[in-house]
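Welcome! This short report looks at the spaces in a protein and at the surroundings of its ligand.

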Amino acid sequence: MRRRILKLVGQVLSICTLDPNTHDGMHVAEEDDFVASAVVYPSSTEEVQTIVRWANEHRIPISPISIGRNYGYGGAAPRVRGAVVIDLGRRMNRILDINPDDCTCLVEPGVTYFALYEEIQARGYKHIWIDVPDIGGGSVLGNAVDRGVGYTPYGDHWGMHSGMEVVLPTGEVIRTGMGALQGNNSWQLFAPGFGPTPDGLFSQSNLGIVTKMGFGLMPNPGGHEAYLFTFPREEDLAQLIEIIRPLRIAMILENVAQLRHVSLQVGLEGKPRSHYYNGKGRVPDNIIHDVAKKLSHGDCAWLYYGMSYGPPEIRKYKLDIIEKEFMKIPGARRIDPSTLPADDYFWVRDRVASGVPELEELRWVNWHPNGGHVAFSPVSPVRGKDATALWDIARRRCEEFDLDLFPTFVVGLREMHLIVEIVFNRDDSVMRNNARASLRAMIDDAAKQGYGEYRTHLAFMDQIASTYNWNDGALLRFNERIKDCLDPNGIMAPGKSGVWPARYRGRGWEMSAKNETSEGSGVSPTAGSLKI
Ligand code: ADP
């Protein structure tokens, strides 16, 4: 079967099976659980259509990526082993428009944050910023459709999009919003257009291949000032979150708020765990604190990295309020940036929160040799009691499975994600299995208390989809009905976000603690035999 796929693809377009975009570089399952049989590199929307029609003709699963980094969420790998990865980033990488008056852009899938940033600089558009996630090497479009976030006031990447061009699973192409009007002049200005807005169907989904996408860009606010507060005790968490909520909703805290645990700062030093500790179980708190004492910010339990925007007098107004509120925590300290060396991590946050792409964040993956990572990322209200409940789940499960944890509370606006990064050695099957088991346990524990994840790795998509179970799983059934209607042959990224097409359903493809293999027992020979 695999050989046949390779042969067919080779006839259509160039292939490269050695490309890293065949695998999940940070596999938390077996290395060959999620692996492509071939990768194709279309250069235009028309070529994407050709591939999609070909996939329908031969009933071959395909899986679109833009750049394919998606670290911790499955990388470039498809959910279905042997699917053909459609690597859009390699050749469809044009910046189609940057409008300096409207502060908008239109990009193809292969445009990275670095490329967009550099082009804006090259054109001398000093009045326009972009918003970047922690790592700037990924795709602007890919990050947005997978609902990644960044750290300026434009950090909601999906929320900032306006206009998409999408190749449907049947090979037809649509443009959403104003783009549906032939000759329109406002595609990047008004996302909804007229009538039902289908854009959401193409986010974290398997209903189309996005070939163009528009975004609003942030005007340069005329100044910015990064700041860092530290707080001494783990128990300060609940009070801190209660302080953050009203400030964030009122936009006094102007960007996505990040409250990081000190263990993450130790991980960011980029040294292996063995440098600090060789015992079993979690690295003891006293060792983490001993290391923290020697870091530029000194010992603490939590760190708040923020950014204030605008001219000095406006920043001062906001920063005075922030300082007054944070200083209510006994032992809180505001770190003076002028005391920090140029290579301090503080300046990485400063650049990221002012729209400059960076590559530093993953330094903590060095914690273990052959490091991989996965994240527990539940959504909750911005409440002290919710932060404490999630923190307890994460601590307890990591303790049980002998794992260290690198947590950050990330406050969007009215909600909060706890992101707990778990680093493991990919070549150590016990540790890797523990990482997977602990995450499965955390997902279930969280769901029992009303918390659901916002994004996840391929191995956990079925489990998380099953936790969104109101009214006997009505939402999943609805998604399946749309899937069967738009993708009758079930060729487009089967299983993405836990949505399986009719041909696969009822054949054991769903992964769970009881079924860790990624493959079910084949596909139905009869369901979905529509000629496209
Ligand atoms: P990045 O390299 O920016 O982290 P990826 O290219 O890996 O992002 O994309 C992340 C995920 O988003 C992919 O796994 C895929 O599910 C989805 N995706 C990315 N690009 C597209 C696209 N052009 N059309 C449809 N889905 C996409």
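The domain bounds used here come from an automatic or database domain assignment. With those bounds, domain 1 (2-87) and domain 2 (95-219) each give at least three residues to the shell around the ligand. Please keep in mind that this is a predicted model.

**Around the ligand**

The ligand is surrounded by 19 residues, and the closest of them are Ser66, Arg69, Asn70, Ser139 and Val210. Sorted by class, this shell holds eight nonpolar, eight polar and three charged residues.

Which elements each supply at least two residues of the shell around the ligand? They are strand 2 (62-65), helix 4 (140-145) and strand 9 (209-216). Helix 4 has the largest share, with four residues.

A polar backbone atom of Arg69 is 2.7 Å from an oxygen atom of the ligand. For Asn70, a backbone N or O atom lies 2.8 Å from a ligand oxygen atom. Lys496 takes part through its side chain, where an N or O atom is 2.9 Å from an oxygen atom of the ligand. The ligand taken alone exposes 550 Å², and the protein buries 92% of that.

**Pockets and a cavity**

Now for the empty spaces. Rolling a probe the size of a water molecule over the atoms shows where such space is left. The table sets three of these spaces side by side.

| Space | Volume | Lining residues | Lining by class |
|---|---|---|---|
| Largest pocket | about 590 Å³ | 23 residues | ten nonpolar, eight polar, five charged |
| Second largest pocket | about 420 Å³ | 21 residues | ten nonpolar, six polar, five charged |
| Second largest cavity | about 140 Å³ | 14 residues | eleven nonpolar, two polar, one charged |

The largest pocket has a volume of about 590 Å³. Closest to the centre of this pocket are Arg147, Gln204, Asn479, Ser497 and Val499.

In the second largest pocket, the residues nearest the centre are Val149, Gly155, Asp156, Gly412 and Glu415. Why does the second largest pocket lie between domain 2 (95-219) and domain 3 (224-454)? Both domains give residues to its lining, so the pocket lies between them.

The protein also has five cavities of 30 Å³ or more. In the second largest cavity, Asp131, His157, Phe215, Gly216 and Leu217 lie nearest the centre. Helix 3 (113-122), helix 4 and strand 9 give two or more residues to the lining of this cavity.

**Linking the two parts**

Methods. Residues are numbered from 1 along each chain as its sequence is written. This is a predicted model: local features need pLDDT of at least 70, side-chain atom pairs count only at pLDDT 80 or more; totals for chains, interfaces and linings use all residues. Side-chain values use heavy atoms; hydrogens and water are left out. On a 1 Å grid over the protein atoms alone, a cavity is a set of points where a 1.4 Å probe fits but cannot get out, and a pocket is an open set with protein on both sides within 12 Å along at least five of seven lines; lining residues have an atom within 4 Å of a point. Grid points are joined across faces, edges and corners, and a volume is the space filled by probe spheres set on the points. Ala, Val, Leu, Ile, Met, Phe, Trp, Tyr, Cys and Pro count as nonpolar, Asp, Glu, Lys and Arg as charged, and the others, Gly among them, as polar. A residue is near a molecule or strand if one of its heavy atoms lies within 4 Å of it. A polar contact is a pair of N or O atoms within 3.5 Å; within protein, one must be able to donate a hydrogen and the other to accept it, and residues adjacent in sequence count only if both atoms are side-chain atoms. Accessible areas come from the Shrake-Rupley method with a 1.4 Å probe; for residues, only the protein chains shown count as cover.
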